[in-house]
Amino acid sequence: MAANPSEKKETRFYYPSEEFAQNAAIPSMDAYWALCKEAEEDYEGFWGKLARENVLWHKPFTKVLDETNPPFYKWFEDGKLNVSYNCLDKNLENGNAEKDAIVFEADDGTVTRLTYRELHKRVCKMANGLKSLGIKKGDRVVIYMAMSAEAIIAMQACARIGATHSVVFGGFSAPSLAERIENAGAVAVITADEQVRGGRYLPLKAIVDDALAMIDDNKVKNVIIYQRTGNEINFVKGRDHWKHELTDSQSDVCEPEWVDAEHPLFILYTSGSTGNPKGAQHSSGGYLLWAIMTMRWTFDIKPDDIFWCTADVGWITGHTYNAYGPLAVGGTIVLFEGVPTFPHAGRFWEMIDKHKVTIFYTAPTAIRSLIKASTEDTMVAPENYDLSSLRLLGSVGEPINPEAWLWFYKHIGKERCPIVDTFWQTETGGHVIAPMPGATPLVPGSCTLPLPGLSISVVDETGQELPNGQGGILVINRPWPSMIRTVWGNDERYKTHYWPEELGGRLYQAGDGAIRDPQTGYFTITGRIDDVLNVSGHALGTMEVESVLSAHPMVAEAAVVGKPDDLTGESICAFVILKKELPEGENAKDVAADLRKWVSREISPIARPKEIRFGANLPKTRSGKIMRRLLRVIARGEEITQDISTLENPAILDQLKKSL
Ligand code: WTA
């Protein structure tokens with residue numbers, strides 16, 4: 001049973017305003033439950049109807065779901081479509097031609113706008129350029145670029161000709177890039193001369209050169225370079241092409257290549273806990289459908305919205321909620337090249353003000369760092385900007401601790417904007433658990449309920465569903481349209497990793513722990529399964545402890561890891577970043593004692609960190625995820641031997657090592 005807003009209002013819930021609810025795609029919990037019921041009663045009928053109503057099919061499908069070879073499910077298999085046609089041509093035909101598709105703000109603040117008509121032309125020229133090099137349907141193209149309209153144009157151009165793209169985040173090192181190019185068997189790489197972040201020029205093309213030199217079986221015949229900064233690069237004749245030279249003389253019309261619904265639109269690599277990265281392979285039809293539906297349902301997108309998702313196109317969030325979803329619904333997106341702290345930590349708020357952003361979607365880690373920044377310097381606080389254009393906020397990537405949620409709600413949304421805490425993964429293609437902003441009563445720290453049509457449960461190690469209130473493993477019970485289709489080139493890994501035998505082989509295991517609220521059924525993600533600690537036989541989510549630590553008035557951010565302990569099996573080591581300066585000596589001891597008492601009081605003495613280390617920052621990936629595996633090594637006092645190529649701030653490791 002879930003909360004019903006029409007019942008007597010409970011104080012722990014945050015409700016959407018009447019006005020918001022009235023205009024929303026899903027205006028009430030009754031409407032939400034009606035959709036859930038529809039899906040439950042006729043699963044294929046539900047999805048089939050949505051797919052017919054929301055996607056333009058070149059050839060309609062006759063079968064919705066093929067479950068004959070689990071877990072290799074097929075959706076809308078005999079239908080044909082083109083994703084780029086659905087994102088661009090559709091908008092030329094339905095009156096959006098002169099509407100801004102992309103509002104791009106460069107690192108230095110320069111703004112460039114592209115209407116749907118212009119974007120369509122640019123994509124067609126690029127698509128024709130790719131074709132002129134012999135790149136065709138089914139080929140893999142790696143895109144190694146920074147945030148730019150050009151990156152989206154490259155992705156859309158691949159989609160237009162049926163080439164499968166694999167975007168590699170522009171912060172990855174040459175060996176990581178090489179590994180991905182090789183694994184994908186890419187025939188071409190699209191890149192830029194350099195990228196600009198926080199006032200600094202960083203190489204891209206030079207890294208591509210290094211990466212290609214590392215590959216034994218190199219299939220890359222062409223490298224296409226977008227000239228971003230104009231600084232000199234090494235140009236390999238015959239292989240390298242300037243993007244402008246390749247595309248300028250091309251026709252701005254390119255017939256889309258109609259592909260099967262299951263045709264791989266893209267491969268996106270995601271790091272496994274061990275071993276090489278996994279290439280999550282996504283489809284065309286099912287993926288597009290879910291990108292569209294979640295834009296409508298979770299983001300309640302309207303024609304006048306200005307949608308800003310801060311995620312880089314190198315991550316799944318940037319794929320679904322920058323490159324595809326918003327365009328497929330005729331939206332206007334803001335795209336930002338730079339970093340939230342340059343030239344000052346008020347940049348996000350300044351940009352919301354400047355572009356009159358209405359929907360703002362970002363990550364908890366960004367929110368927490370901006371809370372810290374505005375505590376230290378009131379000049380960059382959100383109060384200095386006009387944020388009245390906002391009507392909806394979103395969070396993604398990790399659990400948002402209630403403290404950060406409340407700050408976001410109060411200081412950015414002015415207690416007016418619902419927050420959609422969206423739980424999903426690279427592998428799920430789009431949101432799977434998230435509030436419907438016009439309907440779902442919100443609870444800070446909970447991603448609330450599954451999207452309509454999705455069946456999600458918490459189970460034990462044998463796959464048995466657990467009652468609400470009991471923590472366990474998060475699983476998705478039935479295939480859904482935007483699900484990962486396989487691990488590129490490795491069906492076995494897909495099968496064993498995501499559909500484990502122990503759970504019966506028919507449940508998709510997300511890899512996260514979760515618990516449902518006894519009254520509402522709301523989900524709270526307790527952290528990756530491998531992040532669950534066991535102290536004296538008590539299971540504790542690292543997130544649970546972190547969330548409490550972060551709620552302490554002195555704390556900006558905290559990460560918690562387990563450490564083997566003779567007495568208790570595992571003990572808790574907490575890495576804490578204070579809002580103020582790094583404490584030393586006696587002061588550090590006092591603060592640590594204070595924090596221990598606090599955790600004791602807020603959770604239980606069992607959750608009290610045995611060790612507390614203070615740092616200036618935490619080791620994070622370039623997408624902002626805390627690298628707990630490195631913290632585990634530091635906590636154990638071992639040498640770091642793992643790959644740290646994805647680490648944003650390697651210098652922090654030394655400081656943390658000395659922090660004991
Ligand atoms: C975590 C990002 C709690 C989770 C879209 C998941 C979250 C992993 C949330 C996927 C959220 C993402 N609450 N945890 N709202 N969103 N996660 O593939 O552990 O980069 O499994 O996809 O991020 O990360 P990925």
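Helices and strands are DSSP runs, numbered from the N terminus. The model shown in these views is predicted.

View 1. The UniProt annotation "binding site", from an unreviewed entry, includes Gly397, Glu398, Pro399, Asp421 and Thr422. Further on, the annotation also covers Phe423, Trp424, Gln425, Thr426, Asp512 and Arg528. From this set, Glu398 and Pro399 belong to the lining of the second largest pocket. Glu398 sits in the loop that runs between strand S19 (392–396) and helix H14 (402–412).

**View 2. Glu398 and its partner Arg368.** Glu398 has a relative accessibility of 15% and therefore counts as buried, since buried means under 20%. Its side chain makes a polar contact of 3.1 Å with the side chain of Arg368. Beyond four places in sequence, Glu398 touches Pro364, Thr365, Arg368 and Gly624.

**View 3. Pro399, in the loop between S19 and H14.** The loop between S19 and H14 also holds Pro399. Here the relative accessible area is 24%, so Pro399 is partly exposed. Setting aside residues up to four places away in sequence, Pro399 touches Pro364, Arg368, Ile525 and Met543. A polar backbone atom of Pro399 lies 3.4 Å from a nitrogen atom of the ligand.

View 4. The ligand is surrounded by 16 residues. Asp421, Thr422, Thr426, Asp512 and Arg528 are the closest. For Thr426, a polar side-chain atom is 2.6 Å from an oxygen atom. For Asp512, the distance from a polar side-chain atom to a ligand oxygen atom is 2.5 Å. On its own the ligand has 530 Å² of accessible area, and the protein covers 89% of this. Helix H11 (316–328), strand S20 (419–422) and strand S25 (523–528) are the elements that each give two or more residues to the shell.

**View 5. Asp305 and Arg391.** Asp305 is placed in the loop between helix H10 (285–297) and strand S16 (306–309). Its relative accessibility is 3%, so Asp305 counts as buried. The side chains of Asp305 and Arg391 form a polar contact of 2.9 Å. Apart from neighbours within four places in sequence, Asp305 is in contact with Asp300, Thr332, Thr358, Ile359 and Arg391.

Conventions:
Residues numbered from 1 in each chain as written. Predicted model: local features only at pLDDT ≥ 70, side-chain atom pairs only at ≥ 80, totals over all residues. Heavy atoms only, no water. UniProt positions renumbered as here; feature names shortened; annotations may be inferred. 1 Å grid on protein atoms, 1.4 Å probe; cavity = no way out; pocket = protein on both sides within 12 Å on 5 of 7 lines; lining within 4 Å. Helix = DSSP H or I, 4+ residues; strand = E, 2+ residues; numbered from the N terminus. Buried < 20%, exposed > 50% of the residue type's maximum accessible area, 1.4 Å probe, protein only. Contact = heavy atoms within 4.5 Å. Polar contact = N/O pair within 3.5 Å; in protein donor to acceptor, adjacent residues only side chain to side chain. Near = heavy atom within 4 Å. Areas by Shrake-Rupley, 256 points an atom, 1.4 Å probe, with all protein chains shown as cover.
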